[in-house]
Amino acid sequence: MRRGFIFTFDALLAFILVSTVIVGVVTMEINTQALYQTYMREQSMKSAEDVLTILRTVPLNQLVPGDVIQEWIRNGTLNMTLVTPDMSPLDILATYWAVQPLYPSIDYKARARTIIGYVLSRLLPGYGYEFIVDNQSFVKVQGIKERFDISTSSMILSGYSYNRTPRGYIARAYLTKATVIREELYGWFRVLAGPYNLYDDYNILTITREINLPEDAEIIKADGKFVKRYREYQLLKINVGSRYECTFGPTARTINEDLTNCLKSGSNNVTIIYYLPTYPYRQDGIGSASGTTLYIKYKSNSLAVEDPGLVKIYSVTSKYTGFFYLLEMFVPGNITGITMKFKVNGVHRVNLYYGLGGKLTLLLWKHPSVDGIVEFTDSEIRNAVNSKLCGGRDCYAEFLSNISKMVFDFVVGFDAEFNPANGRWKYGGARCYGFNCTATSSTYGGVGQRVLYGYPDSYVKIDYIPKTALTMYSIPLAIYFPYGDPRVSYNGAGLQVRYSLPPTAEPWYADWWVGYSFADYSTVQHLYENNREFYSGPLGRYAIRVAYTRLYDWMMVPGQQNTFEIRMTDGSSYVRDGETRGIIRYFIQGYAGYGDIFPYLLQGYPTYKGYNLTYYYFDGSSVERRSIIVGDPPYKQISVDELDPTKYAVDDAVLRLFNKLNYLDDLNPNDWRTVPYDGSRSNPIDIDLPKGVSIQTASMGSIPGLFTPIMVTLRIWRER
């Protein structure tokens, strides 16, 4: 948990010790050359800018296995006197580049080349690339095949310059803890089972999901909409056995309730039970319908987020029949592999389908092991995709590029089989009135309870290279759109959403749980951001979700109003008015790197070694006065309005950080030197820094050098 922030002023000692050399981003140039303007080119190109961002912000020990780190420490590739595995690869590069003149007998540039080359090989499998430092090729991987698709990005780093005159003081600041208002939106994937068994007893389908919140979460608001299918009943139970226990139903209507008092910090157990109450309704299945969602708003000191690439499977019990489970998944990045694991009991066969539009293609099937385990490995999925979707051609990389762009569907049948002739499911042990959907007992067993054990016994793991680099300083925030939000308008068959991101935002992804009225498989769904199309494809058989990340720089643009649209063509399906809610997730970086060199450390130094700083925070309804300790005693009492970012390193660092923390209604966005300062009464910050948290400082006088530019450039291409 993190609350507060720390300043450090690291002395650079020319001959004795270089503990930290700063990587400061001065500017960035991006030049993407479109050599081939094909659909697959649009789908598959990696961004050099994204990779450089990872190299700049992510610690080395999060990019390289521990055994490799240890070997580098042992053989001297990582000189622990100069660098640490907690530094980013570009931090290490700049440090080694800086100290090379001090140690001419040691080739530190070669050591940096080893590190950068290894990390790039892991980030860019299957791509050619060249990493250039100061106009010289530093790391290069190139085959003999023709190049296509080139993405180029350059970054100017500030590096250490040996044996120059001292200039003064510099400072940096970063959050270690913070109190944040968090918002989460959870949607339910569809799970369906047979309504009756072979002997006309009505089936009961139970779905249980764990919702995990931080241990310190204070629930502010929560509501849920639980949508049943036609004629069935549903019973909702939350946190059974605890003092937060809530039960709704059984009811034949949609459950739409205020759940604020039903949820708690930590783990929350949400169970939904479905059944048909009387016999015999002509219905092809029972289970969850589209539109089932849960919204939670809470306060927490935790900045952790769940990985969208880890899909936590629900626990499912079907009293008599087989069932199928829709996985409508999305990750904010470029997918590199998919694996699945399911633990079952009473299930005879598990079928894995891939869904596109109205078509489901059987990729793989397996019988469970003696322990009830079924696994589908990435290599098995690869071979099945090549065989079943591409006629034996190796198209898996192309397939992964396609599904990296938007929501994609896998459907898993647990003693359940899709019949392409009539578009219906056959459930083992079931009878479906009005449809010929009784599965043969020899394949799927007879009547009996089937159980799918939930996470951690069952999961889907999607490996991907994220488009947004998460760091220990990333503060997760969101823009939530409830049902009936005036920012969402419905026009014709689709919808339009207008939203604005803060200027300092780093977009993560948008997630919309959409109420579709599905009429036919000819409908094509088109997705637009800022009036430019980024996806089009057939509306899925079980479409319930639209999610996307910032695929292009004209999408999800910080500091301006953006417009997202769904447009429908060539069919009768449409988006139902008022039945969609969604959330847009983004990050604010709670970090201000080293700034300019200033003639003074802080006001009153050396009489004072720190500040007792007064600032202001907006809690959503009122402006609150706060104070925080900076550095060591004795402290100078000072308000944020009295800071001077033109003379003092500490003052500049405070205001640069506060500028990032003032992401709502900033009176002077990205201008921390102009009054009213960020954190003042008329321009308060939007992150709470509770009492008891201090800011530590260290003097950085007599800096033996300047910070001169080091240009690094990364070029990425595909080959054929």
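Helix H4 crosses helix H5 in a left-handed sense, meaning that the near helix is turned anticlockwise from the far one by less than a right angle. H4 covers residues 89-99 and H5 residues 108-123, and their axes lie 8 Å apart at an angle of about 165°. H4 is therefore roughly antiparallel to H5 (angles over 145 degrees). On the H4 side, the contact (heavy atoms within 4.5 Å) involves Pro89, Leu90, Ile92, Leu93, Tyr96, Trp97 and Val99, and on the H5 side Tyr108, Lys109, Arg111, Ala112, Ile115, Ile116 and Val119. Of the residues in this contact, 12 are nonpolar, two are charged and none is polar.

The model is predicted: local features need pLDDT of at least 70 and side-chain atom pairs pLDDT 80 or more, while totals for chains, interfaces and linings use all residues. Residues are numbered from 1 along each chain, and side-chain values use heavy atoms, without hydrogens and water.

The structure contains 33 aromatic pairs (ring centres within 6.5 Å). Tyr314 lies in the loop between strands S18 and S19 and Tyr325 in strand S20, so the pair ties together parts 11 residues apart in sequence. Both tyrosines count as buried (under 20% relative accessible area).

| Residue | Relative accessibility |
|---|---|
| Tyr314 | 3% |
| Tyr325 | 1% |

Phe324, Tyr353, Phe418, Trp425 and Tyr542 form one aromatic cluster.

Technical notes
Axes fitted to C-alpha atoms, helices over the stretch in contact; angles between N-to-C directions. Helix = DSSP H or I, 4+ residues; strand = E, 2+ residues; numbered from the N terminus. Parallel < 35°, antiparallel > 145°, perpendicular 65-115°, else oblique. Nonpolar A, V, L, I, M, F, W, Y, C, P; charged D, E, K, R; others polar. Phe/Tyr/Trp six-rings, centres within 6.5 Å; stacked < 30°, edge-to-face > 60°. Buried < 20%, exposed > 50% of the residue type's maximum accessible area, 1.4 Å probe, protein only.
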